[in-house]
Amino acid sequence: MSTLKLDLQTYKDLLKQYIETQNEQALYNAEQFSKHSIQQNISPDEIINVHFQALMELYPDVPDDIRNSMNFLLETMISYGLAYQEYQALREKQLELQSELSVAAKMQQTLLSTVKPEYNQLDIGATSHPAKQMNGDYYHFVEDQEGSLGIAIADVIGKGVPAALCMSMIKYSMDSFPEKRMEPSIILEGMNRVVERNVDPSMFITMFYGLYDTKDNRFFYSSAGHEPGFYYSAKEDSFKDIEAEGLVLGVDRETTYKQFEQQVDPGDMIVLLTDGVTECRSGDDFIEREEIADVIRQYKHLPAQEITDQVYTHFERLQDFQLRDDFTLVILRREV
């Protein structure tokens, strides 16, 4: 006996049982038949066809109107079945891609990971959260042979896999620089040449690089079109923007970057961020930079890491826990 005939006989028996008894056991048996049909990859129109044949065998004198309506349903379900099969194929492909993206995201996390250094005179906090699986933001700490701390923070204008690949390239390039003291302007000029050679011109990368001299507590920095951070003066209890002009990376191979300097006093904070922080929204409106400063001031009594975590939590809640862009925030505070 063929599978179709076996299924037809089984279905006919189930249908007859339900029509005669209308009990829960008959419905349960029908449910099991349905699950078996799915496992055998039987399309909905085949189920309708089996139902039609079983009905005709049980009730040969079914009125023409019912017969015609069943034919109409069968034709309808043939188109539905084809569309459903296509949907299932696309869904399986999507699940496969999601699985691959999940693996890639974990690999990216490992590749972009950086060790937060410890200094007696510095309290450091950092947090970075992607809007999607892959992160288009990047931050990195590096200590040179003289004990100074380098801080890089970058942002690819875009999201997804292309942005993640760019960030991986930035990390690899940063690791290739020598461990001797490197001025921020020199770092950005080197990165600019790397991006100009290797990144599609349609993609833009902004980057900020700072160098904290732990011997005399001076902060040197340069920017390649990156979102301005904040400098907090503990003595004045005030924030000011860390302004630094500079062209985004990769536009012009010969671009040079101006270097700036800031003396850091005890209790002062350096706040570095990406535009995923400044472009948070309250409803349909972007927040003001003053609001970011006010939130940081609210938590300034906490350790630097807790400040960054609390600021992220605040703006995550403000956006109903749905980030519109990658969110990265780094805070350095001079303790002594």
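Buried means under 20% relative accessible area, exposed means over 50%, and partly exposed lies in between (1.4 Å probe, protein chains only). By that cut-off, helix 6 has these buried residues: P184, S185, I187, L188, E189, G190, M191, N192, V194 and V195. This is a predicted model, so local features need pLDDT of at least 70 and side-chain atom pairs count only at pLDDT 80 or more, while totals for chains, interfaces and linings use all residues. Residues are numbered from 1 along each chain as its sequence is written, and side-chain values use heavy atoms, with hydrogens and water left out.

**Helix geometry**

- Helices (H or I, at least four residues) and strands (E, at least two) are DSSP runs, numbered from the N terminus.
- The expected span of a helix is 1.5 Å times one less than its number of residues.
- Helix 2 covers residues 24–39, 16 residues in total. From first to last C-alpha it reaches 23 Å, close to the expected 22 Å.
- Helix 6 has 15 residues and should span 21 Å at 1.5 Å a residue. Its end C-alpha atoms are 21 Å apart, which agrees.

- Which residues of helix 2 are buried? They are A26, F33 and S37.
- These residues cover an arc of only 40° around the axis, which puts them on the same side of helix 2. The arc is that of the directions from the helix axis to the C-beta atoms.
- The face turned away from this buried side carries the exposed residues E24, I38 and Q39.

**Surface patch**

- Y18, I19, L27 and Y59 form a nonpolar patch on the surface. Together they have about 330 Å² of accessible area.
- Areas come from the Shrake-Rupley method with a 1.4 Å probe; for residues, only the protein chains shown count as cover.
- Patches are made of residues with over 30% relative accessible area and no salt bridge. Like charges are joined within 9 Å, and nonpolar side chains (Val, Leu, Ile, Met, Phe, Trp, Tyr) within 5 Å.
- A salt bridge is a side-chain nitrogen of Lys or Arg within 4 Å of a carboxyl oxygen of Asp or Glu.
- Y18 sits in helix 1 (residues 3–21). Its relative accessible area is 33%, so Y18 is partly exposed.

**Polar contacts**

- A polar contact is a pair of N or O atoms within 3.5 Å. Within protein, one must be able to donate a hydrogen and the other to accept it, and residues adjacent in sequence count only if both atoms are side-chain atoms.
- D144 lies in the loop between strand 2 (137–143) and strand 3 (149–156). It counts as buried, at 11% relative accessibility.
- The D144 side chain reaches the backbone nitrogen of G147 at 3.0 Å. A polar atom of that side chain also lies 2.9 Å from the backbone nitrogen of S148.
- D213 belongs to strand 4 (residues 205–213). It is buried, at 8% relative accessible area, and its side chain reaches the backbone nitrogen of K215 at 2.9 Å.
- E183 is in the loop between helix 5 (160–175) and helix 6 (184–198). At 24% relative accessibility, E183 is partly exposed.
- Which side chain makes a polar contact with that of E183? It is the side chain of Q259, at 2.8 Å.

**Positive phi**

- Most residues other than glycine have a negative phi.
- Q22 has a positive phi near 50° and is not glycine. It lies in the loop between helix 1 and helix 2, and is exposed at 59% relative accessible area.
- N41, which follows helix 2, has a positive phi near 60°.
- N217 is not a glycine either, yet its phi is positive, about 55°. It is in the loop between strand 4 and strand 5 (218–224), and counts as buried at 9% relative accessibility.

**Sequence separation and C-alpha distance**

- E183 and L211 are 28 residues apart along the chain, with C-alpha atoms separated by 7.1 Å.
- A126 is in strand 1 (residues 122–129) and is buried at 11% relative accessible area. A126 and L95 are 31 residues apart in sequence and 33 Å apart, C-alpha to C-alpha.
- Y119 lies in the loop between helix 4 (64–112) and strand 1. It is buried, with a relative accessible area of 15%. The C-alpha atoms of Y119 and S238, 119 residues apart along the chain, are separated by 25 Å.
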